[in-house]
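Biologist: Walk me through this one, feature by feature. Give me the general idea, then the case.

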Amino acid sequence: MRKISLDKLDLLFAKIAENQSLYIPSDSVEGAKFTKWTNGTALTNELNTVRGIKDFFFPQSEDLMKFKMQGKNIEVIDIRDEHEDFVIFGARACDVRAMTVLDNVFLHAEPVDTYYKNRREHGIIMSLACTRPVETCFCGTFGIDAANPEGDIVCHKTDDALYMNAVSEKGTALLDSLSDITEDADTKAVDEQKALIKERMTKLPLAELTTDAFGGGKTEKFFDSPEWAKLSESCLGCGTCTFVCPTCQCYDIRDFKTNDGVVRYRCWDSCMYSQFTRMAHGNNRNSQKERFRQRFMHKLVYYPENNNGMFSCVGCGRCLAKCPIRMNIVKVMKALEGTDNGSN
Amino acid sequence: MQEVMRDKLVAKAKELLTGGVVTRVLGWKRGEFCYDLTPGIFKSADELDKEFDFGDFAAPNLSKYLIDETRKEDGKVAVFMKPCDTYSFNQLLTEHRIDREKVYVIGVPCEGMIDNKKLSAAADGIKNVAVDYENVVVETLWDGNVTVPRESVLAERCLNCKSKKHVALDELVGYEDEITECNRFDEVARLEAMTPEERFEFWQGELSRCIRCNACRDVCPACTCEKCVFDNPSSGVESKAPSDSFEEKMFHIIRAFHVTGRCTDCGECSRVCPQNIPLHLLNRKFIKDINELWGEYQAGAEVGSRAPLVNYTFDDMEPSEAVERGDKNA
């Protein structure tokens with residue numbers, strides 16, 4: 001394990017940014033946001049960013065290929081190129097786990113998504129343990145340890161130093177390259193912090209929430225539950241929950257006509273939208289109740305069914321904070337498992 | 001901090017339900033925390049007892065839900081409305097979107113709602129909140145009690161409250177109040193004073209953060225098209241994502257134009273924006289222009305009024321007077 005004192009944090013960032021782009025969570029008008037580090041970019045004090053690190057690997061909108069048309073000839077232009085190397089500093093445990101959820105979809109299933117793979121191969125994640133989780137946090141529900149995040153380099157920030165532990169090949173290479181400004185450290189301070197975090201996690205208001213009622217094989221149990229109608233009754237059908245979600249992965253592919261050809265691009269789509277996966281016969285989900293059900297069944301039943309029991313919610317709490325009408329996966333889980341008695 | 005408390009509203013709702021005046025009640029449901037109220041329908045006294053909530057976080061404007069709710073079944077629905085919500089309600093009636101006969105409006109006085117975004121920025125790990133006129137005391141997970149001035153966490157639309165008077169009512173629970181003096185156009189005036197370049201830069205900075213979640217449109221009581229042009233694959237302008245960093249100006253500016261003269265300035269668009277874009281400023285600019293060019297007009301102040309842009313009078317100014325040609329600011 002290596003460490004660097006906090007007053008040298010800028011030096012660390014500068015050193016990393018010498019060889020690749022570095023993104024750190026920094027304050028902005030929209031809230032904390034991953035921002036490309038340049039001299040003076042300050043690390044936020046916020047617990048987490050408005051949006052997760054998904055955007056780096058699976059951007060909201062990206063071009064896939066181009067077609068050039070001349071007479072009856074169509075030229076297909078592959079626009080893929082090697083992505084630049086980049087480092088994300090300060091990703092939280094929930095958001096790093098979210099990458100595993102996305103990897104299962106884009107990397108570990110055929111066909112491999114080469115656009116995603118390209119970015120994934122060039123990105124290094126420096127995660128940061130959470131000493132001050134907030135009331136909307138419930139990563140523990142999904143077996144995520146906020147004291148021990150995953151990632152290439154796992155960081156713990158104490159009052160005076162940043163501790164870094166490389167846990168992957170890419171992480172080791174990066175940390176080695178920082179050896180002249182970092183020093184060896186024992187694990188004492190980090191162990192103490194881990195104990196504090198573990199204790200704090202038990203005090204969170206959602207600490208008792210479990211996934212026991214959910215998982216693969218539960219489709220029939222929940223699909224026709226009368227709760228869906230009630231839960232979805234005030235859903236606006238907007239895409240906020242899906243677009244701030246670090247694991248939502250659905251996209252649409254469209255062609256955009258340019259002067260001399262066509263650009264094929266993809267962009268995030270939301271199962272909450274009325275035109276989502278619209279088919280020639282009309283639509284396979286005609287009511288907001290069905291669309292709402294799809295989103296939560298995907299997180300809690302379908303995804304675990306197809307991914308060895310892994311859930312595709314990571315408990316980051318963004319939907320709890322951002323839903324315009326304050327409906328969210330916690331309320332859904334409690335209502336479905338029948339333990340919600342309506343009290344605080 | 002709200003003068004009228006939750007229990008009084010529950011008692012009123014029960015009275016209307018058991019008396020057969022209404023078959024259901026539209027209100028706010030208690031959430032996981034003290035602040036996350038969700039709009040919902042209550043059909044029994046039991047549901048009201050268990051789930052109904054009201055207080056400083058009853059921000060959602062319930063008027064738009066009445067479009068669907070009044071179509072669902074016969075019988076009246078009772079709805080709780082804060083003063084600003086009643087303007088949206090009147091505007092929806094003006095546009096024939098709601099059958100007035102099917103609604104029983106219960107007015108609730110409002111002392112201003114707390115902005116969740118401002119509150120979470122002011123205190124981390126919110127366990128509970130106590131509010132009085134002066135202060136908000138937040139019981140936090142790790143920092144003990146954090147006290148902040150109430151004004152610092154009030155919603156912008158409440159700091160610039162345009163009216164505490166209910167303009168639609170069947171019954172009022174609590175006290176009657178008046179239209180308020182406010183400075184809601186100050187920020188618009190500040191933008192108007194900018195050079196076109198500065199103003200463009202301001203809006204580019206704001207709108208380029210848009211993620212096209214459509215929450216502003218979906219929550220807007222003036223956006224009630226059965227099928228929005230931006231959701232319609234046949235329209236040619238359907239889009240689910242920004243295609244470049246400033247494409248969103250089209251969506252937002254078209255939307256602002258479409259609700260001009262109909263927007264009551266309820267502020268829901270800015271409340272729900274996950275990216276903190278001050279969308280209400282676009283609408284307020286149009287309201288200010290209408291006030292200045294055609295005389296004071298408040299959408300939703302009464303039912304059936306004709307907005308200046310869809311009306312014609314001999315005294316109307318000519319378009320050439322409204323736009324000074326050659327002026328870069330036009």
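Biologist: What covers the buried residues of H12(A)?

Modeller: Terms first. Helices (H or I, at least four residues) and strands (E, at least two) are DSSP runs, numbered from the N terminus. Residues are in contact if their C-beta atoms, placed from the backbone, lie within 7 Å. Now the case: the cover includes helix H7 (219–223), helix H8 (227–232), helix H10 (288–306) and helix H11 (318–322) of chain A.

Biologist: How many residues of helix H12 of chain A are buried?

Modeller: Buried means 20 or more other C-beta atoms within 10 Å of a residue's own; exposed means 12 or fewer, and partly exposed lies in between. Helix H12 (329–336) of chain A is mostly covered, with 6 of its 8 residues buried. They are A:Ile329, A:Val330, A:Lys331, A:Val332, A:Met333 and A:Leu336. After H12(A) comes A:Gly338, with a positive phi near 75 degrees.

Biologist: What should I know about the source?

Modeller: This is a predicted model: local features need pLDDT of at least 70 and side-chain atom pairs count only at pLDDT 80 or more, while totals for chains, interfaces and linings use all residues. Residues are numbered from 1 along each chain as its sequence is written, chains are lettered from A and ligands numbered from 1 in the order in which they are written.

Biologist: And the scores of the model?

Modeller: pLDDT is the predictor's confidence in each residue, from 0 to 100. Chain B has a mean pLDDT of 92, and 95% of its residues reach 70 or more. The model as a whole scores ipTM 0.93 and pTM 0.94.

Biologist: Which order do the strands take in the open sheet of chain A?

Modeller: Strands of a sheet pair through backbone hydrogen bonds, parallel or antiparallel. Here two strands pair if DSSP finds at least two bridges between them. The open sheet has 8 strands, ordered S3-S2-S6-S7-S8-S9-S1-S10 (chain A), with mixed pairing. Strand S1 (2–5) of chain A runs antiparallel to S10(A), joined by 2 bridges. A:Lys3 has A:Glu183 as its bridge partner in S10(A).

Biologist: Which strands does helix H1 of chain A lie across?

Modeller: Axes are lines fitted to C-alpha atoms, for helices over the stretch in contact; angles run from 0 to 180 degrees between N-to-C directions. Helix H1 (9–19) of chain A lies across S1, strand S2 (21–26), strand S6 (86–91) and strand S9 (161–166) of chain A. H1 runs at about 145 degrees to S2(A). Helix H5 (169–177) of chain A also packs on the sheet, at about 135 degrees to S9(A).

Biologist: How many residues of chain B are in contact with chain A?

Modeller: 38 residues of chain B meet 37 of chain A. S2(B) gives the largest share of the chain B side, 4 residues. For classes, Ala, Val, Leu, Ile, Met, Phe, Trp, Tyr, Cys and Pro are nonpolar, Asp, Glu, Lys and Arg charged, and the others, Gly among them, polar. The chain B side has 18 nonpolar, 9 polar and 11 charged residues.

Biologist: Is B:His252 buried or partly exposed?

Modeller: B:His252 counts as partly exposed because it has 19 C-beta neighbours inside 10 Å. B:His252 lies in helix H11 (248–258) of chain B. Leaving aside neighbours within four places in sequence, B:His252 contacts B:Leu207, B:Cys210, B:Leu279 and B:Leu282.

Key. Contact = placed C-beta atoms within 7 Å.
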